Amino acid sequence: MRTLKLALLLLWFSGTALAQDPEQVFGTANALYQEARYEEARDQYESILANGFESAALYLNLGNTYVRLGHMGKAILYYERGLRLEPDDEDLLYNRNIAGMMTVDKIEAVPRLFLWDNWDALKGWFSPEGIFWTTWVVYCFVFIALSAVVLAGTFGLRRAAFLTAVGGTVLFVILLLIGIDRYSDLTRTDSAIIMPEIVAVKNSPDSRDTDAFILHRGTKVTITDSIAEWLKVRLADGKVGWVPAETLETI
């Protein structure tokens, strides 16, 4: 099992100290997992989440625990949540793919323009914390270069500083766009996982309507609309339909 990374954690504080340090709880959960006490390990991992902490490693181990408990829907849900924090994490990608192979629904995604794949790959190089600090460093670099344009004593130095500032500004804008997109990935609520074993997807938000198709536990969908207790979902292959809201858990 992996050690808990606290690089990007969301800290919750209600006025009282945690009974245990989250790293200690994480270690306890790891030990329980190694002893095949999976339900107890799950409870320990989820107690960390309940107290406001998250990390890719925590989601990985929780997903692994749900695999052992035989609930692929929950396992895929937590792998996907981990990938929102670290999109290029090899362990999360591998385990998510293995869990996906165990699901019933095999959906072929509609091909995307290669530029979007390259953009996603570029975003994957940066953690949310990494993109923040990289953008901040480049911003400071541009500020220094602009200052040099004003303060440099010769035309050659001013020209070099100006070109440096222009290049730095372009890089800053690109990093800023990546940061905005990464933040959007972290805060979006339109992706979800089917939780029940079988869900009948309806043609309209009405339980009496005909079935459009059937989905099974662990399938990933995109939420596009909602009416009362119904959600309109779209699959990666373009199919759309309506499901009861309680059948989904958002990533």
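Modeller: Let's start with Thr247, which is buried, its relative accessible area being 8% (buried is under 20%, exposed over 50%, partly exposed in between, with a 1.4 Å probe and protein chains only).

Colleague: What kind of model is this?

Modeller: This is a predicted model, where local features need pLDDT of at least 70, side-chain atom pairs count only at pLDDT 80 or more, and totals for chains, interfaces and linings use all residues. Residues are numbered from 1 along each chain as its sequence is written, and side-chain values use heavy atoms, with hydrogens and water left out.

Colleague: OK, and where does Thr247 lie?

Modeller: In the loop between strand 6 (240–244) and strand 7 (248–250). Helices (H or I, at least four residues) and strands (E, at least two) are DSSP runs, numbered from the N terminus.

Colleague: Which backbone oxygen does the side chain of Thr247 reach?

Modeller: That of Pro244, at 2.6 Å.

Colleague: What else is Thr247 in contact with, leaving aside neighbours within four places in sequence?

Modeller: Ile193, Ile194, Met195, Pro196 and Val199. Contact means heavy atoms within 4.5 Å.

Colleague: Switching to Ser191: buried or exposed?

Modeller: Ser191 is buried, with a relative accessible area of 13%. You'll find Ser191 in strand 1 (residues 191–194). Not counting residues up to four places away in sequence, Ser191 touches Lys220, Val221, Glu249, Thr250 and Ile251.

Colleague: Now the helices. At what angle do helix 6 and helix 8 pack?

Modeller: About 90 degrees, and the axes of helix 6 (residues 114–123) and helix 8 (residues 155–187) are 10 Å apart. Axes are lines fitted to C-alpha atoms, for helices over the stretch in contact, and angles run from 0 to 180 degrees between N-to-C directions. So helix 6 and helix 8 are roughly perpendicular to each other (65 to 115 degrees; under 35 is roughly parallel, over 145 roughly antiparallel, the rest oblique).

Colleague: Which residues meet there?

Modeller: From helix 6, Trp119, Leu122 and Lys123; from helix 8, Ile174, Leu177, Ile178, Asp181, Arg182 and Asp185.

Colleague: And zooming out, how many helices and strands does the protein have?

Modeller: Eight helices and seven strands. The radius of gyration is 23 Å, well over the 18 Å that the globule rule gives for 251 residues, so the protein is more spread out than a compact globule. That radius is taken over C-alpha atoms, and the rule is 2.2 Å times the number of residues to the power 0.38.

Colleague: What share of the residues is buried?

Modeller: Buried residues make up 37% of the 251.

How values were computed: A polar contact is a pair of N or O atoms within 3.5 Å; within protein, one must be able to donate a hydrogen and the other to accept it, and residues adjacent in sequence count only if both atoms are side-chain atoms.
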